[in-house]
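Subject: Structure handover

Hello,

Here is the structure you asked for. The notes on what was found in it follow below.

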Amino acid sequence: MKKYIGFIIFASLLLSMSSCKQHDKGHRKYYDAGQNVIKKKQDIHEIQIEDVEISNFGTPYILNDYLIISDYNSFDKLIHIFDKNTFRYITNVGQQGQGPSEIANMGKIISDNERNIFYVIDHGHQSLLSFPMDSVLSNEFYVPQKKAGIDQTEFPFMMQYESDTLSYALFMRVLNPGDYTPVVAKWNMQTGEREFMPYVGHPEVEKKRVSFAASPKYNLYTEVYWYHDLITICTLDGELKYNLYGKNWDNRKSNKEAYFDQVAFCKDKIIASYWGDRRMYNRDGGQHVHYPDKLLIFDLEGNYISTLQIGYSILSFCYDDESDRLIFAFDDDIQFGYLDLDGII
């Protein structure tokens, strides 16, 4: 009997391992981030930010003709608006605070280019706030309006806005205090309805931590794993297209290394900021946060193209489709800069 039970357990383990290996059979691709490295530090143009002080937590976003930089570490207004072409400072908005018209705990900014509106996720008030750019520019005391409520136990963290009835979002599903699992869903802001994608993540990843981007134009979304050398590409109906495995995928059990940070669709390419090594390293005897300084470029079929060695530590970046450039926030000798992508992708 003991031998029989042991055989059943062993067979079950084999079946489980086989299932993990076969779940993406026919959908696997591989990349080596060191295969085609192109140095681009000399092509980074510094952006001189004047007339406003922004901390080293500034994050850039694009909305039509405007560069928006959020700064959740600010003591006053949290959102700064610039002309994206000249980088001239225009105004700021979004008072920090616990009041009903203030931002308690600012999350990501989401752009609605069609209506020239940006939205702010306020995790403190569990709400999505609306900032029409025309109103912001004409009224220095503009008070944001609540666009939608947010569930405290299942809330959007990153989002691609399409309409009030359809957006694509990476939701944080709270498991218990201090822990969560990220899941991609279609979100109807008007009704609050969420339709979660059938592909929930790689079965061999025990603790999923990812960043997300969606492209309605190409009917795709992608997730890049923070602590695993892995990228997933799915359709907007949640059908797995590809799992892209880096050469360090076999180190997935350690959870000590950091790999990806942020991802974006740029024209018909996928660009992701990449560590590929330890997040923390020792500088002058002390611990220092090590941000990625590389970008990996893939086509929409998940084929690796190249690695851009930016040469500066990348806090965050956004893509300006009209100007075909990446705009960066750095933790380095320069705070903000841009890279023209013409001739690169």
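In which loop is aspartate 164 found? Aspartate 164 sits in the loop between β12 and β13; strands here (E, at least two residues) and helices (H or I, at least four residues) are DSSP runs, numbered from the N terminus.

Before the rest, the ground rules. This is a predicted model, in which local features need pLDDT of at least 70 and side-chain atom pairs count only at pLDDT 80 or more, while totals for chains, interfaces and linings use all residues. Residues are numbered from 1 along each chain as its sequence is written, and side-chain values use heavy atoms, with hydrogens and water left out.

Confidence

The protein chain has a mean pLDDT (the predictor's confidence in each residue, from 0 to 100) of 89, and 88% of its residues reach 70 or more. Over residues 1-20 the pLDDT stays under 50, and the model has three contacts beyond four places in sequence for them; a contact means heavy atoms within 4.5 Å. Residues 280-287 also have pLDDT below 50, with nine contacts beyond near neighbours in sequence. Where pLDDT is low, the predicted coordinates should not be read in detail.

Around aspartate 164

Aspartate 164 is buried, at 17% relative accessible area. The scale is: buried under 20%, exposed over 50%, partly exposed in between, with a 1.4 Å probe and protein chains only. Leaving aside neighbours within four places in sequence, aspartate 164 is in contact with Arg115, Lys147, Asn188, Met189 and Gln190. With lysine 147 there is a side-chain polar contact of 2.8 Å. A polar contact is a pair of N or O atoms within 3.5 Å; within protein, one must be able to donate a hydrogen and the other to accept it, and residues adjacent in sequence count only if both atoms are side-chain atoms.

Salt bridges

A salt bridge is a side-chain nitrogen of Lys or Arg within 4 Å of a carboxyl oxygen of Asp or Glu. By this rule there are 18 salt bridges.

- Arginine 173 and glutamate 154 have their closest N and O atoms 2.8 Å apart. This pair links strand β13 (residues 166-176), which holds arginine 173, to strand β12 (residues 154-163), which holds glutamate 154, across 19 residues. Arginine 173 is partly exposed at 28%, whereas glutamate 154 is buried at 14%.
- Arginine 209 and aspartate 179 meet at 3.0 Å, N to O. Arginine 209 is in the loop between β15 (194-196) and β16 (210-215), aspartate 179 in strand β14 (residues 179-187), 30 residues apart. Arginine 209 is buried at 9%; aspartate 179 is partly exposed at 22%.
- Glutamate 223 and lysine 208 also meet at 3.0 Å. Glutamate 223 is in strand β17 (residues 220-225) and lysine 208 in the loop between β15 and β16, so the pair ties together parts 15 residues apart in sequence. Both residues are buried.

Salt bridges with shared partners also join Asp112, Arg115, Lys147 and Asp164 into one network.

Strand β19

Six of the seven residues of strand β19 (residues 240-246) are buried. Two strands pair if DSSP finds at least two bridges between them. Strand β1 (residues 28-31) pairs with β19 in the parallel sense over four bridges, and tyrosine 31 stands opposite glycine 246. Strand β18 (residues 230-235) pairs with β19 in the antiparallel sense over five bridges; here isoleucine 233 has tyrosine 242 as its bridge partner. β18 and β19 form a hairpin with four residues between them, and glycine 238 in the turn has a positive phi of about 80°.

Regards
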